[in-house]
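Subject: A structure to look through

Dear colleague,

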Amino acid sequence: MRARIHTGLVWAMVLVLAASVVGLAVHWGGWGPAGDVWFEPVLVVSVGLTDLLPVAVCWMAVGRVGLRRPEVLLAATAMTAYVAGDCYRAWVEATTGSIPFPSVGDVLYSLFYLLMLAALIVAVRRHVRTLASSVWLDCVVGSLGAAAVLAIPLSPVLDSALTSSSWLATVTAISFPLFDLLLVAAIGGIGALGGRRLGRRWVLLFVGLLVFAAADVLYALQVNANTYVRGTPLAAAWAIGLALLALWVDGMERTHPAAVPETSPATGRAALMVPVVATAAGLGVLLVSSRVPLSTFSVALAGATLVAATARTQVAFRQVAWMAHLRRVASATDDLTGLPNRRALHVEGHARLVDPERRRQSLLMLDLDKFKEVNDSLGHHAGDQLLVQVGARLREHLRPGDLLARLGGDEFAVLLEDAGHAEAIDVTVKLRAALAEPFALEDITLHTSVSVGIALFPDHGLDLSSLLRTADIAMYKSKTSGRGQHVYNTADDTDATTRLKTVEELRTALTTDQLVVHYQPKIDLDTGEVHNVEALVRWDHPTRGLLYPDAFLALVEESGLMRTLTRVVLQVALDQAAVWHAEGRPLTVAVNLSGSTLIDTSLPDEVAAMLTVRNLPPGALQLEITEEFLMADRDRARSILTRLRSSGIQISIDDFGTGYSSLSYLRDLPLDELKLDRSFVFPMVDDARAAALVASTIGLAHSLGLRLVAEGVETKAAYTELVRLGCDQAQGYYMSRPVPAAELDLWLSARDIADEFTEMTGLLPSLD
């Protein structure tokens, strides 16, 4: 019901306004004396309705929002004051035939201006709570420029008001043109806020105030010239202004201020239009005043406009300079860590290296070890957190004159001030020790290490580019050697060239069948039978011959080729397993997986697909992983291993006993087998403590329902001792080296023949 009344009031206001405008236009066009008979009463009624209906619309808006929107209440009160002033004037004129000046009506009109301006201030502050100083200056420039222009036609009105004999009459007469100036100034200010997206309904306010101010100015000029006549279209201007203001108030009540951005910048041509036009207007007023006498007030406003425009220009210059500074800083700062970036290192490093007073300098190149595994296992967010903490920790442990920069990824560089060989080594040791301390990343504590390459100036390079190259070579040397730090020497160039060449050769090897797989049997110590073999990759290099894993696996990992290598080995090993199964020899093949491969969540599906294509049962494959991976990301390990184990694939822990001391993963993870590292097996014959460790590990595995495999069995004594201790399986050179599949077939066949011969001789009667 309320909505219908609201809609009816709005339409009634629009229709009455239209009828009033048409009636005034027709009357002004000339109906003669006959028209005046009915025009006067119609004029009174229409003026009353065009006054009262906008007020009713405003107060309905107040009834809906109450005190939650003070600008709506202020605007409604302002409109009421104006209509009350009109009613007072009409009543006094009807009863006395003349209107005193000043009067109560003038006070009510003044209240309209004051309350409306207050409503504007509250509304603007509600919609744009945080404005930059430049935007406020735009408002000031727009307001002053508009007032300077309006002061020219209002000059006669102001001059006439100043000639009044009564000071109260003078103040009242001056207040109205000044209020009009304030209205126009408000229009200019609102125009400057156009880029603030106050909303389309603010156009109603803009036009309504403009119409109102224009009507006031024309009325004042006509009264001053004694040419004002009632019943002209000028009377409709106030009615139009009131209706537009009422529509703005109605729209304000239904517009939530939160829908308007509070801090959106005033940019673009539209935002600059008002201050530019206002500045041009102020300049134009000053130019005209040099040719034609203008009021001092108008000239003063024009001057104030230019002063404000000058201040706005200064602010703009400062903003541009600050933005340029921020751009320079941003271009020289790493976004993630806040450290200087590669560009900043080049600029500052060049300046330092050409300074003749700075002759002893060193460059450290730091690269985090196994950072890729952190990203792959814990996610890039965790990797970013680690980099931030690494940067902060490095900065804490450097000297005041040293320059730390992040080059990208997990690489950092430090340009040491006044540092030779000894100082560079000392700083490197300190930084490596600092990064060896654990890092707290959300719910996980992570240990990391760093490889550092050291280059000395000027011995290893005369400019920063040369130092970066030599430090990078030294860093890779430290990473491959496992020592953690290395000072560049000229021999490293050959190694770096060889490394790059080897990486390219590896890429070729992965696609040209240069990688071959050898197999080492696992002997069941209880029966002497062979049911399992381990697949071990070799590189049949075209010029260097057969290369063992220690010659290329580290490089495979560094160059990001490990996943590809693992899939190649899996394919070759499973192809061979399919051949053995077809020949009636169902051997289980064990394949080693690195941490960077096993963190791939798609691995279980890919392995299952490989088995299906070859028509192999899941038990034909065993995957061997290391303790190090299990301790790095227990949750992901559990998820992936559970998927693999639930499909029937066996899981084995390789090199057991050489990783972390915690054994809780044996309880949590789905495992089938433990492979005891050779470092425990080799000395156990001569070392009672080593034998005790092997025995206790066998007991631990059996108590958990796991199979124990002893690696590195190289003597008959070790083999015999393992049988005595109850070990399940053994592999090592004593039984067989890793050999190609064809040689393993011969070995197995010979073993089968020997077993048959042993069995036959055991059945023969004794000759004794």
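The protein chain holds 27 helices and 16 strands, and since this is a predicted model, it is worth looking at the confidence before anything else. The mean pLDDT of the chain is 77, with 71% of its residues at 70 or more. Over residues 31–39, however, the pLDDT is below 50, and this stretch has seven contacts in the model beyond its near neighbours in sequence. Residues 257–268 also have a pLDDT below 50, although there the model shows 22 contacts beyond near neighbours in sequence. Where pLDDT is low, the predicted coordinates should not be read in detail.

Of the 768 residues in the protein chain, 46% are buried, and the accessible surface comes to about 37200 Å², with 62% of that belonging to carbon and sulfur atoms. When contacts between residues at least 6 apart in sequence are considered, 71% of them join residues at least 24 apart.

The largest nonpolar core has 75 residues, and those that touch the most other members are Tyr519, Val589, Val591, Leu621, Leu623, Val713 and Leu722. Helix H18 gives the most to this core, with nine residues. Another core, of 39 residues, lies apart from the largest one and includes Val62, Val83, Phe112 and Leu209.

Helix H18 itself covers residues 562–582, and its 21 residues reach 30 Å from the first C-alpha to the last, close to the 30 Å expected at 1.5 Å a residue. Its buried residues include Met562, Leu565, Val569, Ala573 and Trp580, and the helix is followed by glycine 584, whose phi is positive, near 85°.

Which residues of helix H14 are buried? They are Ala424, Val427, Thr428, Leu431, Ala434 and Leu435, in a helix of 16 residues (421–436) that reaches 23 Å from its first C-alpha to its last, close to the 22 Å expected. Seen down the axis of H14, these buried residues fall within an arc of 130°, so they line one face of the helix. What covers them includes helix H13 (380–396) together with strands S1 (361–368), S3 (411–417), S4 (439–441), S6 (450–457) and S7 (485–487).

With best wishes

Terms used
Residues numbered from 1 in each chain as written. Predicted model: local features only at pLDDT ≥ 70, side-chain atom pairs only at ≥ 80, totals over all residues. Heavy atoms only, no water. pLDDT = per-residue confidence, 0-100. Contact = heavy atoms within 4.5 Å. Helix = DSSP H or I, 4+ residues; strand = E, 2+ residues; numbered from the N terminus. Buried < 20%, exposed > 50% of the residue type's maximum accessible area, 1.4 Å probe, protein only. Areas by Shrake-Rupley, 256 points an atom, 1.4 Å probe, with all protein chains shown as cover. Expected span 1.5 Å × (residues − 1). Core = buried A, V, L, I, M, F, W, Y, C linked by side-chain atoms within 4.5 Å. Arc of directions from axis to C-beta.
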